[in-house]
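Trainee: I'd like to learn how to read side-chain features in a model. Can we walk through a few together?

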Amino acid sequence: MAVGNFPSEETPQNICDQNTTTKYLNFGACIAANQSDICGLNTGFYVTLQRGLSIVKGFQICAANDEPGRDPVRITLEGSNDRNVNLTFGTSWSLIHNGSTSLDTISSRFGCSLIQCISNSIRYESYRFLVTHKYEKSNSVQYSEVQLFGY
């Protein structure tokens with residue numbers, strides 16, 4: 001049974017556990033059997049950094065175990081200094097990246113993209129990562145790890 005459109009064992013917490021054998025899978029607006037262009041899109045996660053305000057200058061994403069069609073190929077990365085409900089409802093995010101994940105260049109499952117450098121000079125306390133395109137029609141999107149780089 002899915003919770004929040006993702007299986008209970010494939011949650012957003014898996015993408016920051018430093019383990020590429022776990023994954024986050026999200027069906028988005030679709031049910032599991034639907035093979036569509038839109039399944040899993042505009043899903044992702046947000047994280048509030050423990051160290052406080054930080055400038056993210058790059059990211060890396062790692063593929064999950066199966067179904068390359070579920071790989072995110074384009075994402076947005078946004079920042080916010082707001083708190084609580086505004087983060088959840090998406091009313092306070094500023095776009096800092098809209099582009100490729102470079103997962104299409106990996107040679108094996110569990111592989112990680114090259115570090116994608118982004119142009120950002122603003123310190124944010126929270127960052128949101130959303131999938132906007134996936135590799136092909138499938139019932140969901142999935143990835144195993146996301147790392148943010150900066151200072």
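Trainee: Let's begin with Arg 83: is it buried or exposed?

Mentor: First, the ground rules: this is a predicted model, where local features need pLDDT of at least 70, side-chain atom pairs count only at pLDDT 80 or more, and totals for chains, interfaces and linings use all residues. Residues are numbered from 1 along each chain as its sequence is written, and side-chain values use heavy atoms, with hydrogens and water left out. Now, buried means under 20% relative accessible area, exposed over 50%, and partly exposed in between (1.4 Å probe, protein chains only). Arg 83 has a relative accessible area of 53%, so it is exposed.

Trainee: Which residue does Arg 83 form a salt bridge with?

Mentor: Side chains of opposite charge can pair when their charged atoms come close. The cut-off here is a side-chain nitrogen of Lys or Arg within 4 Å of a carboxyl oxygen of Asp or Glu. Arg 83 pairs with Glu 125, their closest N and O atoms being 3.2 Å apart. That pair links distant parts of the chain, 42 residues apart: Arg 83 is in the loop between β6 and α1, Glu 125 in the loop between β8 and β9. Helices (H or I, at least four residues) and strands (E, at least two) are DSSP runs, numbered from the N terminus. Glu 125 is buried, because its relative accessible area is 15%.

Trainee: How many salt bridges does a search of the whole structure find?

Mentor: Six. Another one joins Arg 128 and Glu 78 at 2.7 Å, N to O. Those two sit 50 residues apart, in strand β9 and strand β6 (residues 72-80) respectively, and both are buried. There's also a network of salt bridges linking Glu 10, Lys 23, Asp 66 and Arg 70.

Trainee: What about aromatic pairs: how many does a search of the whole structure find?

Mentor: Seven. Rings of Phe, Tyr and Trp (its six-membered ring) pair if their centres lie within 6.5 Å; planes under 30 degrees apart are stacked, over 60 edge-to-face, the rest tilted. Take Tyr 46 and Trp 93: the centres are 5.9 Å apart and the planes at 55°, so this pair is tilted. Trp 93 counts as buried because its relative accessibility is 12%, while Tyr 46, at 35%, is partly exposed. For Tyr 124 and Tyr 127, with centres 5.8 Å apart, the planes are at 85°, so that pair is edge-to-face.
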